[in-house]
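Colleague: I'm new to reading protein models. Could you walk me through a few features, one at a time?

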Amino acid sequence: MPDPHPLKHQTDIARAAALIADPSRAVMLKCLADGRALPASALAGEAAVSAATASAHLAKLVEGGLVTVAQEGRHRYYRLAGPEISAALEALALVAPPLPINSLKESNRTNALYRSRTCYDHLAGQLGVALMQALLDRGVLTGHDGVHRPAEAVRDRLSSYGHDIRYELTDTGREQLRELGVDTDRLPPRRPAIRYCVDWSEHRHHLAGGLGAALTARLFDLDWVRWGAAPRVVHLTDQGAAGLEQSLGLVLVRA
């Protein structure tokens, strides 16, 4: 029987790693890791480089397929090419050494990222893993306890990062989420509904996939979470704290 896919290629990990390895490009990629599009000027400011240098870096990221660009008026807006780029950055963050903190501003931003941030289009940090735990405690999800244990990877088959543990949405969970305004029957059909990421700061699981994105979007719509001033940072509002406690029993101590 003829091979339906005659052309097979190995992946060029070195090329992708080289694109990420430059410190300025790494900063830009991390800034884009919340899934939003940002102009070149904002990315240049975050990376502390000139506009011309930022443009050269961004051109390499676009050429390498890590970032896409769209022209809007006089400005170009850049965003990650997809959630798999953000997942790769999160995986690298699990093994990367910490950056030095040289100012109060950097300390405050780091603390904010640890508290609550987005990982592409879903919540991460302490808020993200607490939300995942609340979904498990309430019986919305089942299949695991949310704790990351590398040694527990499935041994009898090839496992894939983010879905080697099988979380499932329960019938009561569908109803609880429907009451919250999340219609689990209308999730994107071509995207896995339930995935998880290993949170790089908490080393626990947070909810990804179509359900993670839909739930996060609903929390923004309700004004239970808001974007912070820094890229990726989100803040839990007073209304959100009360709403999550009432709907999911989530109690999170906020600084």
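This is a predicted model: local features need pLDDT of at least 70, side-chain atom pairs count only at pLDDT 80 or more; totals for chains, interfaces and linings use all residues.

Colleague: Okay, but how do strands hold on to each other in general?

Modeller: Strands of a sheet pair through backbone hydrogen bonds, and the pairing can be parallel or antiparallel. Here, strand 2 (residues 67–72) and strand 3 (residues 75–80) run antiparallel, joined by 6 bridges. Val 69 has its bridge partner in strand 3 too, namely Tyr 78.

Colleague: How many residues sit between strand 2 and strand 3 in the hairpin?

Modeller: There are 2 residues between them, and Gly 73 in that turn has a positive phi of about 65 degrees.

Colleague: In what order do the strands of the open sheet lie?

Modeller: The order is 1-3-2, with 3 strands and antiparallel pairing. Strand 1 (38–39) and strand 2 are the edge strands, so called because each pairs on one side only.

Colleague: And the helix? What should helix 9 span at 1.5 Å a residue?

Modeller: Helix 9 (residues 209–221) has 13 residues, so it should span 18 Å; the end C-alpha atoms are 19 Å apart, which agrees.

Colleague: Which residues of helix 9 are buried?

Modeller: Buried means under 20% relative accessible area. In helix 9 that covers Gly 209, Gly 210, Leu 211, Gly 212, Ala 213, Leu 215, Thr 216 and Leu 219. Just past the helix, Asp 223 has a positive phi of about 65 degrees.

Technical notes
Residues are numbered from 1 along each chain as its sequence is written. Side-chain values use heavy atoms; hydrogens and water are left out. Helices (H or I, at least four residues) and strands (E, at least two) are DSSP runs, numbered from the N terminus. The expected span of a helix is 1.5 Å times one less than its number of residues. Buried means under 20% relative accessible area, exposed over 50%, partly exposed in between (1.4 Å probe, protein chains only).
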